[in-house]
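Here is a short briefing on one protein model. Please keep the sequence and the 3D view open while reading.

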Amino acid sequence: MSGQPGGVSLRVMALLAGLMGGGTGFSHPGLAAYPGAETYLNAAAEALNLDDPGGLTLHLALQRVLQRNPELAAFSKEVSAFEGSKLQAGLFKNPEFNIEAEDINSSNAALQRFATFRISQLIELGGKRHARVNVAVTGQALADQAYAAKRLEMIARTANAFIDVLEGQAQVGVAEDTLRLAEAAMQAAVKRVDLGRAPPMEAMRSKVALATVKIELEQAKRDLAAARTQLALLWGDNEPRFHRALGELEALVEIPGFDQLAGYLAQNPLMLQSSQQIVQRQAMVELEKAHRIPDITLGAGVRRYLETDNTTALLDISIPIPVFDRNQGNLLEARQRLHKAMDERLAVELQLKTEFARTYENLLAAQNEIRVLRDEVLPSAQQAFELTSRGYQLGRFGFLEMLDAQRTFFQSRTLYVRALANYQRLINTVEQLVAAPIESLRHPAAYDRKEPE
């Protein structure tokens, strides 16, 4: 039941394809590039028989989603927007130019008429500009993490939608096989009735059984069509333009221990995002601290006396006196939001650990279910069906016994396909939580990581 040597599991392809794709601001260390990823994917593509011109691999589906999904595009635009925030935060305040004229039209000779030309500049003190830039930089880093989390979510959603298509294809195959068996059973029943070896009721029952299988086949085809459409919609196509999905549901992997996998939860983008939220809130606290220090406004100018044609140089300086407003309210708010971000990080950590524990136990149960179905249920159901079919043709078993064995065999195969698909989805969930392919955790030497440039 494991994948062929040199092959690749669906989940590893999903995450590696996501890692290889480019994207604005996607740089968190938990999803650093794998140097051997391209070679690994090329081998996977060969293993999945990409000669099928109408086939769709998971790698190709992920490329389309990462390039064309509007949700990801919106997140990438948010990351780009912070370039403007950083630029604006680093700019100096504009100088002010002021013209003042006094008593221009007065006829009183005792008054000195004059015009004043003054330019002033606000000088920020206390490191406000640096703190403001730091807030913008940490805001962009937070947007990077939000984009990374959304990217990983889309990878998992695409992989699950792809598995839905594979499951639908397998279920249609099972229904088609069952239809052939039902047709053969009906022909055998009609033949026995024609030879007078069975009552006419058996022919009627065989036709009813055949009609039931046809209904199940049509339902399986409708489910497959819906799964194909949902997959295509992820990259913006209203209708699927691929013939079939190429993949192997039976590609199982060796699951590492609970503690080993749980240690990687810290690299989940949601965890990194909550940590970055704390960093940004700390930067905002520092900015509000800087705002406690008053800024200075320096001005210089000239005053022209119109009567005497004299000119006087002017110099002024102004500074607010922090008697009432020392920015204490904004500072208190920033500190409380920092404490809130710390609590939210603990909540995210608890949520991830809870979801991981539940998923891991479900994964072990799914693995055991596959083993039981594969090693015990399916062989026994197949053997029982073959024996009752031959026995029915020889007149040793009744039609109802043969029909019951056929139905049991069909249900066992359906359960087996469903268990395989459920297993693949659980693996996807685990890999989404740890933000890495399980294969890379089992064989870290083959996936040596490097720091992002």
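Ten nonpolar, three polar and four charged residues make up the lining of the largest pocket. The model is predicted.

**The largest pocket**

- The space in the largest pocket comes to about 340 Å³.
- Its lining counts 17 residues.
- Nearest the centre of the pocket lie Leu166, Ala170, Glu248, Leu249 and Val417.
- Three elements each supply at least two lining residues: helix 5 (128-194), strand 4 (244-246) and helix 10 (399-434).
- Helix 5 gives the most, with five residues.

- Four strands form an open sheet in the order 2-3-5-6, and the pairing is antiparallel.
- Strand 2 (96-102) and strand 6 (310-318) are the edge strands; each has a single partner strand, so one side of each is left without a neighbour in the sheet.
- From one strand to the next, the twist averages 20 degrees.
- Strand 2 and strand 3 (residues 114-123) run antiparallel and are joined by seven bridges.
- Within that pairing, Ala101 has Ala115 of strand 3 as its bridge partner.
- Strand 3 is also joined to strand 5 (residues 296-305), by ten bridges, and these two run antiparallel.
- Here Gln121 stands opposite Leu298 in strand 5.
- In a regular strand, side chains alternate between the two faces of the sheet.

**Aromatic pairs**

- How many aromatic pairs does the structure hold? There are six aromatic pairs.
- Trp235 and Phe242 have ring centres 6.5 Å apart and planes at 55 degrees, so this pair is tilted.
- Trp235 is buried, because its relative accessibility is 2%.
- Phe242 is buried too, at 5% relative accessibility.
- Are the rings of Phe385 and Phe409 stacked or tilted? Their centres are 5.8 Å apart and their planes lie at 20 degrees, so the pair is stacked. The cut-off for stacking is planes under 30 degrees apart.
- Phe385 sits in helix 9 (residues 328-393) and Phe409 in helix 10, so numbered 24 residues apart, and the pair links distant parts of the chain.
- Phe385 is buried, with 9% relative accessible area.
- Phe409 counts as buried at 11% relative accessibility. The limit for buried is under 20%.
- One aromatic cluster is formed by Phe258, Phe356 and Tyr360.
- The distance of the centres and the angle of the planes describe a pair of aromatic rings.

**Gln336 on helix 9**

- Helix 9 holds Gln336.
- Is Gln336 buried or partly exposed? Gln336 counts as partly exposed, because its relative accessibility is 45%. That class falls between the 20% limit for buried and the 50% limit for exposed.
- Gln336 and Arg281 are 55 residues apart along the chain, and 9.4 Å separates their C-alpha atoms.

Key
Residues are numbered from 1 along each chain as its sequence is written. This is a predicted model: local features need pLDDT of at least 70, side-chain atom pairs count only at pLDDT 80 or more; totals for chains, interfaces and linings use all residues. Side-chain values use heavy atoms; hydrogens and water are left out. On a 1 Å grid over the protein atoms alone, a cavity is a set of points where a 1.4 Å probe fits but cannot get out, and a pocket is an open set with protein on both sides within 12 Å along at least five of seven lines; lining residues have an atom within 4 Å of a point. Grid points are joined across faces, edges and corners, and a volume is the space filled by probe spheres set on the points. Ala, Val, Leu, Ile, Met, Phe, Trp, Tyr, Cys and Pro count as nonpolar, Asp, Glu, Lys and Arg as charged, and the others, Gly among them, as polar. Two strands pair if DSSP finds at least two bridges between them. Axes are lines fitted to C-alpha atoms, for helices over the stretch in contact, and angles run from 0 to 180 degrees between N-to-C directions. Rings of Phe, Tyr and Trp (its six-membered ring) pair if their centres lie within 6.5 Å; planes under 30 degrees apart count as stacked, over 60 as edge-to-face and the rest as tilted. Buried means under 20% relative accessible area, exposed over 50%, partly exposed in between (1.4 Å probe, protein chains only).
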